[in-house]
Amino acid sequence: MKMNKKGFTMLELLAVIIILGIVIGLAYTSISKYLNQARNATYSDFEQNIKDGVTNYLIDHTGSIPNEGESLVVDVEKLVCEGYVESLQDPHESTKTCNLESYAIVKRNNNTGYNMDIDYEACLVCAGYKSPACSNSISGIKRLKADSDCEVE
């Protein structure tokens with residue numbers, strides 16, 4: 001009696017496993033590249049949100065605008081507490097926020113006519129990211145912190 005041997009040999013199975021491994025490896029590198037791009041875009045959006053939030057804060061609190069040639073540091077925690085910025089959920093570690101160590105630097109340059117020349121920089125500190133603006137020294141600059149009764153996650 002003749003045996004009918006249907007199926008795959010070990011060599012064929014090994015070849016399929018190797019091909020699947022290569023495909024999965026290529027897919028992983030592509031996906032991780034897009035995840036990193038999305039994470040970096042989120043950090044850039046957070047920095048812009050901080051700048052917009054401090055701008056709106058200063059519109060409402062004009063007495064806090066620094067004098068010509070002076071700077072001001074506003075903590076993100078203060079902006080979150082007062083509703084100018086929503087809590088910045090860290091995209092690298094979803095259980096943490098980027099609120100506590102982040103801040104905005106406001107620098108008022110020379111006035112030009114009736115307009116104020118103000119520069120805004122955002123220092124964003126998250127688990128896997130730190131803005132280039134964080135390298136600027138803020139020692140000796142007036143700093144606005146959140147009130148003690150404010151609770152930020």
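**Ground rules.** I am working with a predicted model, where local features need pLDDT of at least 70, side-chain atom pairs count only at pLDDT 80 or more, and totals for chains, interfaces and linings use all residues. Residues are numbered from 1 along each chain as its sequence is written, and side-chain values use heavy atoms, with hydrogens and water left out.

**Helix α1.** I looked up Ile 22 and found it in helix α1, residues 10–60. Helices are DSSP runs of H or I with at least four residues, strands are runs of E with at least two, and both are numbered from the N terminus. I then checked the span of α1. The expected span is 1.5 Å times one less than the number of residues. For the 51 residues of α1 that should give 75 Å, and the end C-alpha atoms are 73 Å apart, which agrees. Next I asked which residues of α1 are buried. Among them are Tyr 43, Phe 46, Ile 50 and Tyr 57. Buried means under 20% relative accessible area, exposed over 50%, and partly exposed in between (1.4 Å probe, protein chains only).

**Salt bridges.** I found three in the structure. A salt bridge is a side-chain nitrogen of Lys or Arg within 4 Å of a carboxyl oxygen of Asp or Glu. Side chains of opposite charge can pair when their charged atoms come close.

- Asp 75 and Arg 143 meet at 2.7 Å, N to O. This pair links distant parts of the chain: Asp 75 is in strand β1 and Arg 143 in strand β6, 68 residues apart. Asp 75 is buried at 6%, while Arg 143 is partly exposed at 34%.
- Glu 82 pairs with Lys 78, with the closest N and O atoms 2.8 Å apart. Lys 78 is buried at 8%; Glu 82 is partly exposed at 34%.
- Lys 96 pairs with Glu 93, with the closest N and O atoms 3.3 Å apart. Lys 96 is partly exposed at 41%, and Glu 93 is partly exposed at 29%.

**Disulfides.** How many disulfides does the structure hold? I found two. A disulfide is a pair of cysteine sulfur atoms within 2.5 Å.

- Cys 98 joins Cys 126, S to S 1.9 Å. The torsion about the S-S bond is about 120°, so this disulfide is right-handed. Cys 98 is buried at 1%, and Cys 126 is buried at 9%.
- Cys 123 joins Cys 134, S to S 1.9 Å. Cys 123 lies in strand β3 and Cys 134 in the loop between β5 and β6, so the pair ties together parts 11 residues apart in sequence.
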